[in-house]
Amino acid sequence: MNEQGTRSAYRHQEQGTRSAYRHQEQGTRSAYRHLEQRTRIIHLHQEQVTINIHLNKEQIVLAFIRNKEQFLRGWVGRPPPKLTWWAGHKEVRGEVSEGKGEVINTLSVPSLQRHHLHQSFICQASNAELAIPVTAAVTIDMKLPPMSINLMGVDGPISAGVGVTVVCMVVGARPPPEVSWWLDGRPLRNSGERLLDKGNVTESKVVVVATDEDQGRYLSCRADTPGLLQSSLEDGTKLVVHYVPVVQISLNTRLELHDIREGMDVYFTCSYKAVPTPTAVLWYHNENQLKANSTGGVIVANMSLVLQKVERYSSGSYTCRAINSEGQGTSRPILLDVKYSPVCRPGQRWVYGIARHEMVHVSCEVDAHPKHVSFAWVFNNSAEATDIPEAHITDNLTLSM
């Protein structure tokens, strides 16, 4: 051995190339491991000693599955080297075997857990007491499912039409998970996402603007580790939506709205859809609140309104309103049109003074609904009553001359 060769053994020179590869293997749960391979070559006693790191691919499994991950080390050299495994400053026992000019030390890591992430295992070889040991390392990289998922921001009722920011916190997934939002199976678009705690926590947000139709629908967030099957975690809640009452008013089915006549009884019914339940239901006639008045023929019984013996003045717009903590809802109006017989309009001239054979124009005006009125004129004196010929009469709706 020349001097240059001797120095190279003690200075721990590295020749050749370093190669790194990432090996991905899918096991029962499509687990992946990323391991680094390095090849180091030194010269001892004119013989080449090589560290080869091999991976038992069939035993790459997901963390938490009770299998083992193995690392195989093969050595060729003279004299045969001593192989040891180290985890930090602690020696780890492996299984040593020899044959055909090589020494193999197989290290098995049973039942990989999260704490093995980024752990390095060092294989150390030496075949001369004075030589600096040769080492090669492998670092465990793992794809991990989420440890926990928590949906926040909708612990209680939300108001319809008001945007609510809902937050989903995912802990422990590696690499950062894909977080998706769902409302009764319909995907929602998130409004932002960020990584916290050095990437160990993923925070995703969505803004929910609910309607009364979303009452009881299931809002959820789901986290999946990319490339890792069966890694999903989900959290969700049923929405409780508070909204302003949606109100409807209806006429009793036995009545025809176009045939309401003076003296009839009219019945209205109010119905609503609301959360929470309304605390009050009010009735209005032409925007004026109606109150119970048995003398005036107005009966108010919460969800019902009865108008007894309606008059012409009962015509107009009728609505009902329901009130809860979210506000008040008003129904569409029902227009009540009460028909009544003709009645002479007050303030007309009742006495005419004329001379014999003098022509006079006498008028008669009435209030009536409908306004198409037929008139008949009669001249009545103390001696006789005489019908006025139609040729002498002019009618115009509620006015006749």
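Trainee: Which residue in β18 stands opposite valine 164?

Mentor: This is a predicted model, in which local features need pLDDT of at least 70, side-chain atom pairs count only at pLDDT 80 or more, and totals for chains, interfaces and linings use all residues. Residues are numbered from 1 along each chain as its sequence is written, and side-chain values use heavy atoms, with hydrogens and water left out. Strands (DSSP runs of E, at least two residues) and helices (runs of H or I, at least four) are numbered from the N terminus. Nine bridges join β14 (residues 163–171) to β18 (residues 201–209), which run antiparallel, and the residue in β18 opposite valine 164 is valine 208.

Trainee: Why is one side of β12 and of β17 left without a neighbour in the sheet?

Mentor: Two strands pair if DSSP finds at least two bridges between them. The open sheet has four strands in the order β12-β14-β18-β17, with antiparallel pairing. β12 (148–152) and β17 (192–196) stand at the edges, so the reason is that each has a single partner strand.

Trainee: Which residues have the most contacts inside the largest nonpolar core?

Mentor: A nonpolar core is a set of buried Ala, Val, Leu, Ile, Met, Phe, Trp, Tyr and Cys residues joined through side-chain atoms within 4.5 Å. Buried means under 20% relative accessible area, exposed over 50%, and partly exposed in between, with a 1.4 Å probe and protein chains only. The largest core has 21 residues, and those with the most contacts inside it are Val266, Phe268, Trp283, Leu305, Leu307, Tyr318 and Leu336.

Trainee: How many residues apart in sequence are the parts tied together by phenylalanine 268 and tyrosine 318?

Mentor: Rings of Phe, Tyr and Trp (its six-membered ring) pair if their centres lie within 6.5 Å; planes under 30 degrees apart count as stacked, over 60 as edge-to-face and the rest as tilted. Phenylalanine 268 and tyrosine 318 are stacked, at 5.0 Å centre to centre and 25° between the planes. Phenylalanine 268 is in β23 (residues 266–275) and tyrosine 318 in β28, so the pair ties together parts separated in sequence by 50 residues.

Trainee: Which residues is glutamate 311 in contact with, leaving aside its neighbours within four places in sequence?

Mentor: Glutamate 311 lies in the loop between β27 (304–307) and β28 (316–324), and is partly exposed, with a relative accessible area of 45%. Contact means heavy atoms within 4.5 Å. With those neighbours left aside, the contacts of glutamate 311 are Glu262 and Val338.

Trainee: How far is arginine 321 from the ring centre of tyrosine 284?

Mentor: A charge sits over a ring if NZ of Lys or CZ of Arg is within 6 Å of the ring centre and within 35 degrees of the ring normal. The charged end of arginine 312 sits over the ring of tyrosine 340, 4.3 Å from its centre. Arginine 321 lies over the face of tyrosine 284, and the distance to the ring centre is 3.9 Å.
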